[in-house]
Amino acid sequence: MARRLRPVGPEFVETAALRLVFAREVAAPPEAVFSALAEDVSGWSEWFSAVTLARPTADGAGREVRLRGGGRFEETVLVARAPEVYAYRVDSTNAPGLRALAEEWRLTPAGRGTRVQWTFAADGTALFRATLAVGRSGLGRAFRDAVTALDRRLASAPA
């Protein structure tokens, strides 16, 4: 059953009780990475293996995301500033223990490629926070694998 979460703004990625930050450099330029994140929402399931469905809603102002294992999220896009920042918050989810969640993808030029930084900012019950702290390495691995797959996908895309 989906539950409504506390609405948060873009500043939450800096102030959340729990912040997990991961970064990786890719060969693709920031414009291509931003396009894949913000403009090709339905393509997320092609490169982020945890995502089984992603689709834009509300004329692009929102997203519906489903994860392997049954996680469901209804989201609002908070920032879509090409080619630098793409951020969204979760409005409702079936994930237990979660009170607020926002994610930010920050893109900065790195040579001819991009430094991709993902901030996972959350608030939840003590059990949720403890579980997430234990699962940090798994989230980091999921991020690393997803960004690597995205970079491969972008490299093979027609110019």
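How many bridges join strand E7 to strand E8, and in which sense do the two strands run? In this predicted model, 12 bridges connect E7, which spans residues 98-110, to E8, and the two strands run antiparallel. Within that pairing, Leu101 has Ala122 of E8 as its bridge partner. The two strands form a hairpin that leaves 2 residues between them, and Gly111 there adopts a positive phi near 65°.

Strand E8 itself covers residues 113-124 and is mostly covered, with 11 of its 12 residues buried. E8 also pairs with strand E2 (residues 18-26), again in the antiparallel sense, over 9 bridges, and in this pairing Thr114 of E8 is the bridge partner of Val26.

A further set of pairings involves strands E3, E4 and E5. Strand E3, made of residues 51-57, pairs with strand E4, made of residues 62-67, in the antiparallel sense over 6 bridges, and Arg55 stands opposite Glu64 of E4. E4 in turn is joined by 5 bridges to strand E5 (residues 72-81), the two running antiparallel, and here Val65 stands opposite Phe73 of E5.

| Hairpin | Residues between strands | Residue with positive phi |
|---|---|---|
| E3 and E4 | 4 residues | Ala58, about 50° |
| E4 and E5 | 4 residues | Gly69, about 90° |
| E7 and E8 | 2 residues | Gly111, near 65° |

As background for reading the strands, side chains in a regular strand alternate between the two faces of the sheet.

Notes
Residues are numbered from 1 along each chain as its sequence is written. This is a predicted model: local features need pLDDT of at least 70, side-chain atom pairs count only at pLDDT 80 or more; totals for chains, interfaces and linings use all residues. Side-chain values use heavy atoms; hydrogens and water are left out. Two strands pair if DSSP finds at least two bridges between them. Buried means under 20% relative accessible area, exposed over 50%, partly exposed in between (1.4 Å probe, protein chains only).
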